[in-house]
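Please read these notes with the model open beside you.

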Amino acid sequence: MEKEIPQLEPQAIWKNFAALNSVPRPSKKEERIIGFMIDFGNRLGLETLKDATGNVIIRKPATRGMENRKMITLQSHLDMVHQKNTETAFNFDTQGIQMFIDGDWVRAKGTTLGADNGLGVATIMALLESRELVHPPLEALFTVDEETGMTGAMGLQGGVLQGEILLNLDTEDDSEIDIGCAGGIDITATLHYAEELIEGPAQAYRISVEGLHGGHSGMDIHRGFGNANKIMNRILYAAMEITDMRIASVDGGGLRNAIPRESYAHVVVSPQQKEQLAATFTENSTKIRNELKYTEPNLRLQLDPAPMPDTVMGAAIQSKVIKAVYAAHNGVYSMSAAVMGLAETSNNLARCAIVDGVITIGCLTRSSVESAKMDLAHALKSTFELAGCEVAFSSSYPGWDPKPDAVILKTAIAQYTKLFRKEPDVRACHAGLECGIIGQHYPDMEMISFGPTIKGAHSPDERVSISSVRKFWKFLLAILRNAPQ
């Protein structure tokens, strides 16, 4: 069925998407996809360059009669989030994404699909190689490392781009036009601890939290999905309160922009307390499943015998860390007073790792209000510092302030309404788009963001609607045909 995907309509997009998905492109390891895009531009005989950060820029002249229109910069990012199901054997560094058709959806076999933002990249490729489509002067901007720090957009220098209008093709609902987004900041707490030998007889167990939805830590944060790190910590807290349980290791979550779906802990108790551990595990598992029965029907919690570890954490530091993670906010922190229904500020407790004497906790805090972003960031910093952690902020990026009077927005609304007989949903989103960063370098550039319908981004449930890609393509071509002068 994978061979059928390049035959989907519009073929100009799907064949390029299939080609992209054959090239491994993890964030911060984009060398192969950068080379792929440079070869693509050179093969077309178009002006092609790479900047110092690794962003690729390709320019194409206007079609006849469109030379007096404003140059439009089309922008998407080259990297993709790498997530897979536990049981899926797959190497993102060496394998291409394995796709299949499921009704109106294209999915991947047990991994993320890369539609975020591969569909945007493939669409721009289709425009660049077309000899028939009507368009103004085009400039393609393919950024790197959007998913783990937006360093491509951060490193973009002023004066490089020539376009006056930017179309970001990274929105995930075909009825939306986005004109604003949240900013974000990475928070990392670390603590070194002395490992202790196990004294006396003991029994080791493996605690597993699996089967959660996961999803995009911006677009899905308001949906009430379970966070594997918070669930695991709740179980550990309950066990610590009534037993002498000691932690040997914890491995929960991964990427900051993905809601954690899985967590695993290796713990030890005395033989006399193993029944108490089993009882409190059962009691709390039942409570958690009941609380999440509607949002997380596939949640799996297990307690299994495990091999004996060599060392464990000290009881005092264990207590401090478990309490800090319990206190750390996760999920929506505040809703926007300016935009009805928009999450304003949130935090994703994305990573909890305890191994070999080092505790690492990673968060991604987002907000459409810069001061609110930093307020929550400092609250989290304080929480972890009370447990003795060193806390670092990194990869801070600004939000994108809406400009509702932009000419390109009026053009897009008019074309959408004409094509589909209803107005689009013009809104700001809680995800982090690169427009805010690019806007700092190019403050006079008008920007909007739109794209096809993608569900489950940043998780193995990621899928893109085939009919939506047709709708998105039709809309984009109408905007280009009617580009402002």
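1. R421 counts as exposed, because its relative accessibility is 75%. The classes are: buried under 20% relative accessible area, exposed over 50%, partly exposed in between, with a 1.4 Å probe and protein chains only. R421 sits in the loop between α9 (407-420) and β20 (425-429). Its phi is near 60°, a positive value in a residue other than glycine. Helices (H or I, at least four residues) and strands (E, at least two) are DSSP runs, numbered from the N terminus.

2. On provenance: this is a predicted model, in which local features need pLDDT of at least 70, side-chain atom pairs count only at pLDDT 80 or more, and totals for chains, interfaces and linings use all residues. Residues are numbered from 1 along each chain as its sequence is written, and side-chain values use heavy atoms, with hydrogens and water left out.

3. Other backbone points to check. K28 also has a positive phi, near 70°, and is not a glycine. K28 lies in the loop between α1 and α2 (31-43). The peptide bond from E9 to P10 is cis, with omega near 0°. P10 belongs to the segment before α1. Another cis peptide bond joins D116 and N117, where omega is about 5°. Most residues other than glycine have a negative phi, and most peptide bonds are trans.

4. Helix α3 (residues 115-129) has 15 residues. From first C-alpha to last it reaches 20 Å, close to the 21 Å expected at 1.5 Å a residue. The expected span is 1.5 Å times one less than the number of residues. Of the 15 residues of α3, 14 are buried, so the helix is largely enclosed by the rest of the structure.

5. How do α1 and α3 cross? The axes of α1 (residues 11-20) and α3 come within 8 Å and cross at roughly 125°. Axes are lines fitted to C-alpha atoms, for helices over the stretch in contact, and angles run from 0 to 180 degrees between N-to-C directions. The two helices are therefore oblique to each other. Angles under 35 degrees count as roughly parallel, over 145 as roughly antiparallel, 65 to 115 as roughly perpendicular and the rest as oblique. The crossing of α1 and α3 is right-handed. A crossing is left-handed if the near helix is turned anticlockwise from the far one by less than a right angle, and right-handed if clockwise. On the α1 side, the contact includes F17 and L20; on the α3 side, it includes L119 and M125. Contact means heavy atoms within 4.5 Å. By class, the contact of α1 with α3 has 10 nonpolar, 3 polar and 2 charged residues. Ala, Val, Leu, Ile, Met, Phe, Trp, Tyr, Cys and Pro count as nonpolar, Asp, Glu, Lys and Arg as charged, and the others, Gly among them, as polar.

6. Helix α3 also meets α2. Their axes come within 11 Å and cross at roughly 20°. That is why α2 and α3 are roughly parallel. This crossing of α2 and α3 is left-handed. F36, M37 and F40 of α2 touch V121, M125, L128 and E129 of α3. The contact of α2 with α3 comprises 6 nonpolar residues, no polar and 1 charged.

7. Next, α5 (residues 228-242) against α7 (residues 315-327). Their axes come within 9 Å and cross at roughly 135°. That makes α5 oblique to α7. The crossing of α5 and α7 is left-handed. Among the residues in contact are L236, Y237 and M240 of α5, and I322, V325 and Y326 of α7. The contact of α5 with α7 divides into 6 nonpolar, 3 polar and 3 charged residues.

8. T345 is in strand β17 (residues 343-355). It counts as buried, at 1% relative accessibility. Leaving out residues up to four places away in sequence, T345 touches residues including Y333, R366, S367 and H430.

9. G152 lies in helix α4 (residues 151-155). It is buried, with a relative accessible area of 0%. Beyond four places away in sequence, G152 touches T53, N55 and V144. Q162 is 10 residues from G152 in sequence and 17 Å away in space, C-alpha to C-alpha.
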